[in-house]
Amino acid sequence: MSDSMNSKLEDRRDFLKAGGLVAGVTLAPGLLFYGVAQSRAPEEGASSRQRWGMLIDTTKCGDGCSDCVTACNTENGLSGKTGPQDSQWIRKVDVKDLRTGYVQSLPMMCQHCDNPPCVDVCPTGASMKRADGIVLVDRHACIGCRYCMMACPYKARSFVHEPMHDQKPDVPRGKGCVESCTFCVQRVDKGEQPACVEACDAKGHKAMLFGDLKDPQSAIFKALKSTDSVEVRADLALDTGVRYQGI
Amino acid sequence: MAHEVCVNQGGGRTVEFFALLGLGGVLILGALFAFFTLEHHGHVLTGMNNQIVWGLPHVVAVFLIVSASGALNVASIGSVFGKDVYKKRAPLSGMLALALLSGGLGVLVLDLGRPDRLIVAMTHYNFHSIFAWNMIFYNGFFAIVGLYLVTLMERKLKYWSRPVGFLAFFWRLGLTTATGSIFGFIVARAGYNSALMAPMFIIMSFAYGLAIFMVVQASMYSWNDLTLDLTIRRRMKKLLAVFVGASLYFTVVFHLTNLYFAKQWDYEQFILLDGGIFTVLFWVGQVFIGAVLPLSLLFINRSQGEHLVSFSVLAPLFVVVGGLCQMYVTIVGGQAYPLTLFPGHEVRSSFYDGVVHAYHPGIYEWLLGLGGIGIAFTLTVVAVRVFKFLPQDDFKPVLMRRSTD
Amino acid sequence: MNAPENLATLGSPPEHPQGAGRVRNAAEAATATLGTKKHLGRPGVLLQRMNGMARVANLPDLGKWFRIVACLGAMAFTAIPSMQVVAGVDLPKLEHGKGDKCVDDVAFIRRHHPDLLKHHRDETVRLGIRTTKYSLKKCVECHAGSKTGSVASSKEDFCVACHRYAGAKLDCWDCHATKPGKQAAVPDAKPVLPLHGGSK
Ligand code: SF4
Ligand code: SF4
């Protein structure tokens, strides 16, 4: 039964892909590019032709502003508490240059590495990278060993220490599993931007740029091509999806 | 075969036996209590948090696992290098290895966030993960050592004990390497990212395993009102001294490479100078109690005759205590020291970036940790009672002088 | 059109073979467990033979008691899930979901929903396929109870009622929302039909 179901799905997906291709040919490329993310049919899974990424301009990031954090908490149903056992998917980090005393503020979250150590070490394969580069925890397979938290160089992951209730329907979270920033995968799959990016834009800072790193037409592709940007802990060669400029 | 395999050792001491069993049982019950409580309320009740993600249970678990492979060392020397004294001790050594490994794995499992998904862990392997490799190594260890025990205890299979012993020897080397690599593979953390981690764990496992073996062996002898032959005791003491010395040497080399090659000055300064509890545990626990003190005890030439405490028990006990301290410094200390996000910069955030993390183990962590020791202890007590694990040296109990060394 | 087809099949288990396979299994488990009592002799013999190897021979009494306790324990353990059925607990009364009909044939859903949900969850989480037909979120949207607004807050709520009856433990709600999201929370103002199980 599931075989036939699958093949039906496959057919449908192929058909949609073909449709998308035709549309792409008939319309001018500029017309296709209306949002940051093109919405795709729900039947169509994440594709490796895309890679989601983010460029953060620390010079634009407001000192003392934490709208991205608030937006993330609201979108994903986090409590917003900052105790040692509370989850924080995104945080504002103040970085002070020890020689000059210059202080910068920037948001830090899962960097959606292309060679993610968390995925490498996870014994069950619960930590995984989707075809489009978004790194997620499949809670159905996570045994809560916390090895991924040990391995992540960015301290991006949190362990859920307490039983949860009243979760967001789109963002399941529960006691005993590890979690981290998902790039708001539930929004991205609908063709929307991550909540933090939206909040930053709304505030007028526009410090966060989200998009497809593989699409030459995308704003982030162009921005990365024309500005100098760095990975945090570039020495680890993880090829992060989140890059920073201005540090 | 009946009397070959099992002797009711220390026949009359049933009360004492059940007392020991009760003690182990209480420890295990404590761990189960902690497990069900945490399963229900979550890890909020522990001192572990998003900064110190592995705490006291992991310290005990890794210690037990590492000693398990070390405990098998006695058997390996027997079958791989054909030393008769050690051959006689091979069954006890194999059994201890299994008991210790069970204890260690037990704690690891009881501390999982979702222990109910263990079946997932057993059926879904991510072969990139050294952790998954560890699970394979552990399972294989059970199988191979179990097989090894069978070949040792069944006359007809005696012939096989040597090849299986070889297999067990190499398997255990792999197992300890893999355990050490759990930490070595964590590239991001200053305290762990060293190729020396795995070999250091191997040499430490030799010391811890032999130490536990010596304590258990001495207890068994005194339980049966026997005294272990002086020459054998001296031999094992010498071996322990070699292992402890080598561990100390590796510790020194590890920190020196960190200082001079890996340039982990800040981390080294933290552990060696101003890390508070970790510095104390390192110098007092790991270096003094775990190495200097036992080494001096092992090298002291005591006068013949009876002494209150035998140094061949005291020294290994110190080694065990030092070993636990070493694990604490390695595992918890390695996490307490903050990750370096931006070298040359100072960082601050609501997520405790850039600060040394505090860890206060709670009652549940203690219960879990002690429970692991309880599992190993109970298994040993039962196995020693039911099977004939007392090393069958050619001892003549009546003739043997009570002499401690 | 709202014919009680939805759950009428949840009659007394043996008469309605398609009524929740789980229920049937539980009942079978109960009889099977009772059955072992009669054959206590057989595992006994087996244990005795094993005893020859294990050599707990020093304590012959311990062996016997151990055997009995172990058997009783095993029986109790296997019997736990079927308690509800054995105790003759009333069959669950389930509210009718929103809308005219389920996304698929009800009998099919009833039997296969665990597999369907599992298949769907893997596709969604791992591949990013976000169809809605077999999505848990959609189940919740239609089946949230009128009183609690949830599928798993009270004993009467849709998922809990049936799973309690069948004695199948659920861990979906450790992580997943049991209530529809805000936008979907506005009820359809459909009449809520209480459905009665076979006990009536
Ligand atoms: S930042 Fe951390 S959690 Fe995110 S992909 Fe990289 S290693 Fe994994
Ligand atoms: S905590 Fe979960 S996601 Fe992380 S390594 Fe363990 S099983 Fe994988």
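Predicted model: local features only at pLDDT ≥ 70, side-chain atom pairs only at ≥ 80, totals over all residues.
Figure 1. Helix H2 (14-41), helix H7 (118-123), helix H8 (130-153), helix H9 (161-184) and strand E1 (345-349) of chain B each supply at least two residues of the side that touches chain A, helices (H or I, at least four residues) and strands (E, at least two) being DSSP runs numbered from the N terminus. The largest share of that side of chain B, five residues, comes from E1(B). Sorted by class, the side of chain B that touches chain A holds 26 nonpolar, 22 polar and eight charged residues, where Ala, Val, Leu, Ile, Met, Phe, Trp, Tyr, Cys and Pro count as nonpolar, Asp, Glu, Lys and Arg as charged, and the others, Gly among them, as polar. Three salt bridges are counted between chain B and chain A, a salt bridge being a side-chain nitrogen of Lys or Arg within 4 Å of a carboxyl oxygen of Asp or Glu. Asp353(B) and Arg91(A) meet in a salt bridge, with a distance of 2.5 Å from N to O.

**Figure 2. The area buried between chain B and chain A.** The size of an interface is often given as the accessible area lost when the parts come together. Between chain B and chain A this buried area is about 4600 Å², of which carbon and sulfur atoms give 57%; the value is the accessible area (1.4 Å probe) that two parts lose on being put together, summed over both. Chain B brings 56 residues to the contact and chain A brings 53 residues, contact meaning heavy atoms within 4.5 Å.

**Figure 3. The contact between chain A and chain C.** Here 33 residues of chain A and 22 residues of chain C take part, and the two chains bury about 2200 Å² between them, 55% of it on carbon and sulfur atoms. Four salt bridges are counted between chain A and chain C, and in one of them Asp170(A) is paired with Lys137(C), the closest N and O atoms being 2.9 Å apart. On the side of chain A that touches chain C, helix H1 (2-26) and helix H6 (185-188) of chain A each supply at least two residues, and H1(A) gives the most, with four residues.

**Figure 4. The surroundings of Glu75(A).** Glu75(A) lies in helix H3 (residues 67-76) of chain A, and its side chain is joined to that of Arg187(A) by a polar contact of 3.1 Å. Leaving aside neighbours within four places in sequence, Glu75(A) is in contact with residues including Lys168(A), Val171(A) and Cys184(A).

**Notes to the figures.** Residues are numbered from 1 along each chain as its sequence is written, while chains are lettered from A and ligands numbered from 1 in the order in which they are written. Local features need pLDDT of at least 70, side-chain atom pairs count only at pLDDT 80 or more, and totals for chains, interfaces and linings use all residues, while side-chain values use heavy atoms, with hydrogens and water left out.

Notes: Polar contact = N/O pair within 3.5 Å; in protein donor to acceptor, adjacent residues only side chain to side chain.
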